[in-house]
Amino acid sequence: MYSNLKKGLFLVTFSGAVMLLPVTAEAKDAKEGALPSIGIEAVLDSCNSSGKEIDIEEYLVPTKKGEYLDMAFADVETFLYIRKEPTTESEWVGKLYPDDAARIMGPVGEWTKVQSGNVTGYVYSKYITVGRKAEEKAQKIVKKKQKKGNKKKEAKNPEKEEVLEDLEQIFEYAESKEEEEARLVKEAEEARRKEEEEQRKAEEEAKEKAGSGQAVVDYACQFIGNPYVWGGTSLTKGADCSGFVQSVYKHFGVSLPRTSSQMRGAGRGVSYSDAIPGDVICYNGHVGIYMGDGQIVNAINSRKGIGVLSATYTSIVTVRRIL
């Protein structure tokens with residue numbers, strides 16, 4: 001009789017607990033927290049007849065919410081638009097990049113309202129991770145950041161373990177349209193400064209190499225007065241304009257194309273105002289080596305042979321820095 005009374009009290013108490021539970025559960029939580037469809041009485045009868053002890057927690061809807069269950073993560077390869085309204089026609093107000101985090105602000109349907117960083121709006125739910133998977137992902141990120149932080153801390157103070165006080169700071173969040181515009185302006189400015197710095201360094205290197213360029217000029221000038229021969233490459237027996245330049249640079253271990261038009265792509269281009277001795281100046285159908293002081297040494301023609309001309313005797317197509 002005592003046994004029956006104890007069992008009756010247990011059923012009454014347990015039934016009361018069940019009646020106090022919420023009547024609905026979200027689909028994501030149904031497998032872990034919802035009551036079995038066959039009814040709690042059938043579960044109790046089955047367990048009583050089998051002698052199995054009942055773990056009531058298996059049949060109660062969890063009341064303690066996971067710390068990160070209201071989080072979502074972008075599941076994309078490039079980025080996901082956050083839109084002002086739940087439609088693809090709506091203006092976008094921000095972007096979630098891969099694994100960026102957000103807070104869920106409303107029901108998870110076809111579209112989900114989220115808040116991430118300084119952006120609040122709607123994302124297409126197909127491209128976000130939510131629920132238990134989002135919580136697991138968040139926990140992994142936290143552990144990874146804590147582990148990484150502790151390793152850095154150990155290098156400075158091995159006896160003290162670092163604790164991440166503000167866990168929210170370890171997640172990456174959305175970038176608003178205004179933030180993106182500001183970032184792009186900043187990146188463009190940085191790119192411009194980098195280009196200017198590279199140009200400055202190139203000019204300094206060119207000045208340092210001017211001595212080498214002068215050596216090229218000095219060598220080329222040894223052959224002034226020698227004959228011009230169309231198609232020739234001999235500095236003594238005769239060369240045409242491109243053959244002359246090619247042979248001079250060959251002496252310094254530099255291989256150049258054979259024709260004047262092909263030489264327009266050799267080395268790198270510089271402006272005539274920045275030309276230094278040794279630069280190759282290309283014209284329409286002609287080429288020569290800049291000597292400095294507005295002059296070139298070149299194989300002029302069959303009448304004049306190898307000699308000196310004004311660097312601006314005709315229109316310049318391009319100036320090439322070879323060394």
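What is the order of the six strands in the open sheet?

1. The open sheet has the order β11-β16-β12-β13-β14-β15, with antiparallel pairing, where strands are DSSP runs of E of at least two residues, numbered from the N terminus, and two strands pair if DSSP finds at least two bridges between them. At the edges stand β11 (268-270) and β15 (305-310), each with a single partner strand, so one side of each is left without a neighbour in the sheet. From one strand to the next, the twist averages 40°.

2. This is a predicted model, in which local features need pLDDT of at least 70 and side-chain atom pairs count only at pLDDT 80 or more, while totals for chains, interfaces and linings use all residues. Residues are numbered from 1 along each chain as its sequence is written, and side-chain values use heavy atoms, with hydrogens and water left out.

3. Within the sheet, β12 (residues 280-283) and β16 (residues 316-321) pair in the antiparallel sense over four bridges, and tyrosine 283 has isoleucine 316 of β16 as its bridge partner.

4. Arginine 83, in strand β2 (residues 80-83), is buried (under 20% relative accessible area, 1.4 Å probe, protein chains only), yet it has no salt bridge, glutamate 89 being the nearest side chain of opposite charge at 7.8 Å; a salt bridge would require a side-chain nitrogen of Lys or Arg within 4 Å of a carboxyl oxygen of Asp or Glu. The side chain of arginine 83 does reach the backbone oxygen of threonine 88, at 3.4 Å.

5. Leaving aside residues up to four places away in sequence, arginine 83 touches (heavy atoms within 4.5 Å) several residues, among them Trp92, Trp111 and Tyr122.

Notes. Buried means under 20% relative accessible area, exposed over 50%, partly exposed in between (1.4 Å probe, protein chains only). Lys and Arg count as positive and Asp and Glu as negative; His and the chain ends are not counted. A polar contact is a pair of N or O atoms within 3.5 Å; within protein, one must be able to donate a hydrogen and the other to accept it, and residues adjacent in sequence count only if both atoms are side-chain atoms. Axes are lines fitted to C-alpha atoms, for helices over the stretch in contact, and angles run from 0 to 180 degrees between N-to-C directions.
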